[in-house]
Amino acid sequence: MSDAFKSIQQGMKEAMAHARSETPAIIHEIEIPDPDVQAIRAQTGLSQAEFARSIGVKKATLLNWEHRRRSPEGPARVLLALIAKDPGIVQRTLMN
């Protein structure tokens, strides 16, 4: 059996045990700080329009984040955290 199969099999066993109330669920929480969207975009060297397009949001949404009128949430927040750590991640991953 491959390592991937073993990992999936173990996950299924844990899920079934939890479904039968035999074991408590293990919850992994990751704290993601409020992103400085303007600084993150500046790291990429992209214009507002280019950056908004590259992460799949409207330019108006990006402007609201940059001016702190709104705050990114959920997957957008995670994506921005990844870009903050590695400014070229979107281009390398999606543009190839």
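Student: Which residues does serine 54 touch, not counting residues up to four places away in sequence?

Tutor: Contact means heavy atoms within 4.5 Å. By that criterion, serine 54 touches Leu46, Val90 and Gln91. This is a predicted model, in which local features need pLDDT of at least 70, side-chain atom pairs count only at pLDDT 80 or more, and totals for chains, interfaces and linings use all residues. Residues are numbered from 1 along each chain as its sequence is written, and side-chain values use heavy atoms, with hydrogens and water left out.

Student: Where is serine 54 placed, and is serine 54 buried or exposed?

Tutor: Helices are DSSP runs of H or I with at least four residues, strands are runs of E with at least two, and both are numbered from the N terminus. Serine 54 belongs to helix α3 (residues 48-55). Buried means under 20% relative accessible area, exposed over 50%, and partly exposed in between, with a 1.4 Å probe and protein chains only. Serine 54 has a relative accessible area of 14% and is therefore buried. A polar atom of its side chain lies 2.8 Å from the backbone oxygen of phenylalanine 51.

Student: How is the packing of α3 and α4 described?

Tutor: Two packed helices are described by the angle between their axes and the distance between the axes. Axes are lines fitted to C-alpha atoms, for helices over the stretch in contact, and angles run from 0 to 180 degrees between N-to-C directions. Here α3 and α4 pack at about 105°, with their axes 9 Å apart. Angles under 35 degrees count as roughly parallel, over 145 as roughly antiparallel, 65 to 115 as roughly perpendicular and the rest as oblique. α3 is therefore roughly perpendicular to α4. On the α3 side, Gln48, Ala49, Phe51, Ala52 and Ile55 meet Lys59, Leu62, Leu63, Trp65 and Glu66 of α4. The residues of this contact divide into 7 nonpolar, 1 polar and 2 charged; Ala, Val, Leu, Ile, Met, Phe, Trp, Tyr, Cys and Pro count as nonpolar, Asp, Glu, Lys and Arg as charged, and the others, Gly among them, as polar.

Student: At what angle do the axes of α2 and α4 cross?

Tutor: The axes of α2 and α4 cross at roughly 120° and come within 8 Å, so the two helices are oblique to each other. Val37, Gln38 and Arg41 in α2 meet Leu62, Trp65 and Glu66 in α4. Arginine 41, in helix α2 (residues 37-44), is buried, with a relative accessible area of 14%.

Student: Which residues make up the largest nonpolar core?

Tutor: A nonpolar core is a set of buried Ala, Val, Leu, Ile, Met, Phe, Trp, Tyr and Cys residues joined through side-chain atoms within 4.5 Å. The largest one has 11 residues: Val37, Ile40, Leu46, Phe51, Ala52, Ile55, Leu62, Trp65, Leu80, Ile83 and Val90. Two or more residues each come from α2, α3, α4 and α5, and α3 gives the largest share, 3 residues.

Student: What is the phi of arginine 68?

Tutor: Most residues other than glycine have a negative phi. Arginine 68, although not a glycine, has a positive phi of about 60°. Arginine 68 lies in the loop between α4 (59-66) and α5 (74-85) and counts as exposed, at 58% relative accessibility.

Note on methods. A polar contact is a pair of N or O atoms within 3.5 Å; within protein, one must be able to donate a hydrogen and the other to accept it, and residues adjacent in sequence count only if both atoms are side-chain atoms.
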